[in-house]
Amino acid sequence: MNNSDYITIAALNQYSYCPHRCWRMFCAGEFRDNHYTLDGTNLHERVHTLGEGNREEMWQVRAIWLKSEQYQLIGKADLIESVEGEVYPIEYKRGKKGEWDNDELQVCAQALCLEEMMGKTIERGYVYYAQTRRRQAVEITEELRQEAIATLEAISNLLQTGTMPPPIYTKRCRGCSLFHQCLPQAADKVKRYQEAS
Amino acid sequence: MGTVYITQDDCFIGKTDERLNIRANKQKLLDVPLINIEGVVIMGRATVSPAVVTELLNRHIPLSFLTTTGRYLGRLEPELTKNIFVRKAQWQAAGETEKSLHLVRGFIRGKLKNYRTALLRKQRERTDGNFQTATDRLKQILSSLTSTATIDSLRGLEGAGSAAYFQCFDALIRSEGFRFEARRRRPPTDPVNALLSLGYSLLSHDIQSAVNIVGFDPYLGYLHVERYGRPSLALDLMEEFRPIVVDAMVLNAINNRIITPADFTTEPISNAVSLTPEALRTFLRLYEQKKQSNFTHPVMGKKCTYQESFEIQGRLMAKYLMEEIEQYPPLVLK
Ligand code: SF4
């Protein structure tokens, strides 16, 4: 099996944040850690090394690989829990809930994989925000599914063609670790620029 | 953040924990955290420990080898970014294409405009020197750039423009004991040429790093053609920076007598001129200061250091090649 043909679950998050960022990371292979992503990685490492554990009527599996053939999707889940027969994924996030809902998409993608792997319907998942120590429920609604599937199609298209979505300057750019590589304002600035004679 | 220059012969460069340390004659010369290092330049002989080599590669810190006089020998190249799209665009524009012509014009225009600005400024500052002929000539060459349609003829214009500028260079020097007749390289046999050559060498190390970071193949250039082992694209991008970074700092060093004629030694037979070890350290410090000094980038409208501007220009070049922007704006300072 060639993993590179699969879409990584993390790409969904990136794509919904900014398609150009997704292109830079997954097509152009550019990735420079800033402290946000580094913190994120450390947290993930911790979650990923805890291994498997059991507690009373609930079981938990940590750091498990998820995969879906149907959606050509692969990725690691931080935590899968089961309580009274209901199974759900929990995604760990540094910080608190952001302004955009890309974390929900990621949970939904994990749910799509779990459904295929376990042959059962997943109705909800959670995002755990380390800063607020809160779990936020994510209902896997039909609408969210459709959004996730549409995003997956867009990413798959991006990975196959390599066509660069243009950078578009928004307020998200300021928190983007690729800002200095991307220079999203360059096109506008060059257009208005008058070179000294 | 900065570049570590190692000028003392027979140093040992080792690593303890997250720090780079340099020793010679059983003495510790330097101990810096690796996190603060952007590049390492070894001038002369040094032993680099295998652990340092691995660490530099892992951290994407380039290491260049120069002779004590600053001639470029080669470098340890960290893995380049995997941006095949930038490379593809770079290769597609190779040869005599619309894009390569545009870029070559940009590099030359940037350099010549910066030359002209330097002369005009001097002209205003003083009454004795007369640069009128040269600035007129530069203006005339600049205006014929757009109508020149082959890279070879553009190269010719670049040569003519540089000649006009260097004819005035002696008049820019206002310090007893320094003269400039003409540009001489390999080896430079007078102090001014020695300083210029050394400065250009250091600059080329930095520009090559910038070009690498962006994802280019540094060996495929447009103005400079491929020759084995020559970082042609870095040399291309360097043109616009020569006057504003190197020439400016060399003139500053001489005219403010930070470097004096007594700081040079001449080799017998070859007549190659070089700095004394102590003056070399002074020069490197000046160069580092220049790189870290701030200015407002004319296109981006933001403050940046010269060091950062190397990468910005590289990124703008990539954007032009990938058709994100319609033209490449060379760094032209007012
Ligand atoms: S800086 Fe802005 S446009 Fe560029 S990748 Fe980041 S979010 Fe996207």
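Q: Which conventions should I know before I read the values?
A: This is a predicted model, in which local features need pLDDT of at least 70 and side-chain atom pairs count only at pLDDT 80 or more, while totals for chains, interfaces and linings use all residues. Residues are numbered from 1 along each chain as its sequence is written, chains are lettered from A and ligands numbered from 1 in the order in which they are written, and side-chain values use heavy atoms, with hydrogens and water left out.

Q: How many helices and strands does chain A have?
A: Helices (H or I, at least four residues) and strands (E, at least two) are DSSP runs, numbered from the N terminus. Chain A has 7 helices and 7 strands, and along the sequence they follow the pattern β-α-α-α-β-β-β-β-α-β-β-α-α-α. Of its 197 residues, 48% count as buried, where buried means under 20% relative accessible area, exposed over 50%, and partly exposed in between (1.4 Å probe, protein chains only).

Q: How many cavities are found in the whole structure, and which residues are closest to the centre of the largest cavity?
A: A cavity is a set of points, on a 1 Å grid over the protein atoms alone, where a 1.4 Å probe fits but cannot get out, and its lining residues have an atom within 4 Å of a point; the points are joined across faces, edges and corners, and the volume is the space filled by probe spheres set on them. The search finds 3 cavities of 30 Å³ or more, and the largest holds about 100 Å³ of space. Its lining has 14 residues, of which Cys18(A), Arg21(A), Cys173(A), Cys176(A) and Cys182(A) are the closest to the centre. Helix H2 (19-27) and helix H6 (179-182) of chain A are the elements that each give two or more residues to this lining.

Q: Which elements give two or more residues to the lining of the second largest cavity?
A: The second largest cavity has about 90 Å³ of space, and residues of both chains line it, among them Trp23(A), Arg24(A), Arg315(B) and Lys319(B). The elements in question are H2 of chain A and helix H10 (306-321) of chain B, with H10(B) giving the most, 3 residues.

Q: Are Glu115(A) and Arg145(A) buried or exposed?
A: Both residues are buried, and they form a salt bridge in which the closest N and O atoms are 2.8 Å apart. Glu115(A) belongs to helix H4 (residues 102-118) and Arg145(A) to helix H5 (residues 142-161) of chain A, a link between distant parts of the chain, 30 residues apart.

How values were computed:
1 Å grid on protein atoms, 1.4 Å probe; cavity = no way out; pocket = protein on both sides within 12 Å on 5 of 7 lines; lining within 4 Å. Salt bridge = Lys/Arg side-chain N within 4 Å of Asp/Glu carboxyl O.
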